[in-house]
Amino acid sequence: ENTSRLRGEDGESKTADATAADVMVGDETGCVMVTVTEQEHLKLLQPGRSATLRNFAVVMRKVGKRGRCMRVTLDRWGAVLPLYPGLSCVVDSTRDMSLLEFEPAS
């Protein structure tokens, strides 16, 4: 089962040679969209493979008038460490943390 998807910022399907791409990553507890800017990272984040992400940033992007959505950014300072053996789980795509709206606390 293809549990990851690779999309460019325009929403079109991209290959691993794109400048920046959005990759859905997750496990049995949920998933999140990760914006990846480095080719080396994109090559390691392929459907069906397992990896640990390190040194990434969580960015809250504004949506609507008050809400914000979470997005993970993995840039040149981040790291993708392949896991051997890989995880054997089914990604819970119904719990997409990138789609949840958060309101700033006042």
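Author: One term before we start: two residues are in contact when they have heavy atoms within 4.5 Å. Also, keep in mind that this is a predicted model.
Reader: Ok. What share of the contacts with a separation of 6 or more comes from residues 24 or more positions apart?
Author: That share is 56%.
Reader: And what's the secondary structure made of?
Author: There is 1 helix, and there are 8 strands. Along the sequence the order is β-β-β-α-β-β-β-β-β.
Reader: How much of the protein is buried?
Author: Of its 106 residues, 31% count as buried.
Reader: Which residues form the largest nonpolar core?
Author: It has 12 residues. Among them are A21, V23 and V25, along with V32, V34 and V36.
Reader: Pick V34. What is it in contact with, leaving aside neighbours within four places in sequence?
Author: V34 contacts A21, D22, V23, V25, L53, V72 and L74.
Reader: New topic. How many salt bridges are there?
Author: The structure has 1. The side chains of R71 and D22 form it, at 3.4 Å from N to O. R71 sits in strand 6 and D22 in strand 2, so the pair ties together parts that are 49 residues apart in sequence.
Reader: Are R71 and D22 buried or exposed?
Author: Both R71 and D22 are buried.
Reader: What about pockets? How much space is in the largest one?
Author: The largest pocket holds about 640 Å³. It is lined by 30 residues, and V25, G26, D27, R49 and V91 are the closest to its centre.
Reader: What kinds of residues make up that lining?
Author: The lining has 18 nonpolar, 9 polar and 3 charged residues. Strand 2, strand 3 and strand 4 each supply at least two lining residues.
Reader: You mentioned G26. Where is it?
Author: G26 is in strand 2. It is partly exposed, with a relative accessible area of 38%.
Reader: And what does G26 touch, not counting residues up to four places away in sequence?
Author: G26 touches C31 and V91. The C-alpha atoms of G26 and V90 are 8.8 Å apart, and these two residues are 64 residues apart along the chain.

Conventions
Residues numbered from 1 in each chain as written. Predicted model: local features only at pLDDT ≥ 70, side-chain atom pairs only at ≥ 80, totals over all residues. Heavy atoms only, no water. 1 Å grid on protein atoms, 1.4 Å probe; cavity = no way out; pocket = protein on both sides within 12 Å on 5 of 7 lines; lining within 4 Å. Points joined across faces, edges and corners; volume = space filled by probe spheres on them. Helix = DSSP H or I, 4+ residues; strand = E, 2+ residues; numbered from the N terminus. Nonpolar A, V, L, I, M, F, W, Y, C, P; charged D, E, K, R; others polar. Salt bridge = Lys/Arg side-chain N within 4 Å of Asp/Glu carboxyl O. Buried < 20%, exposed > 50% of the residue type's maximum accessible area, 1.4 Å probe, protein only. Core = buried A, V, L, I, M, F, W, Y, C linked by side-chain atoms within 4.5 Å.
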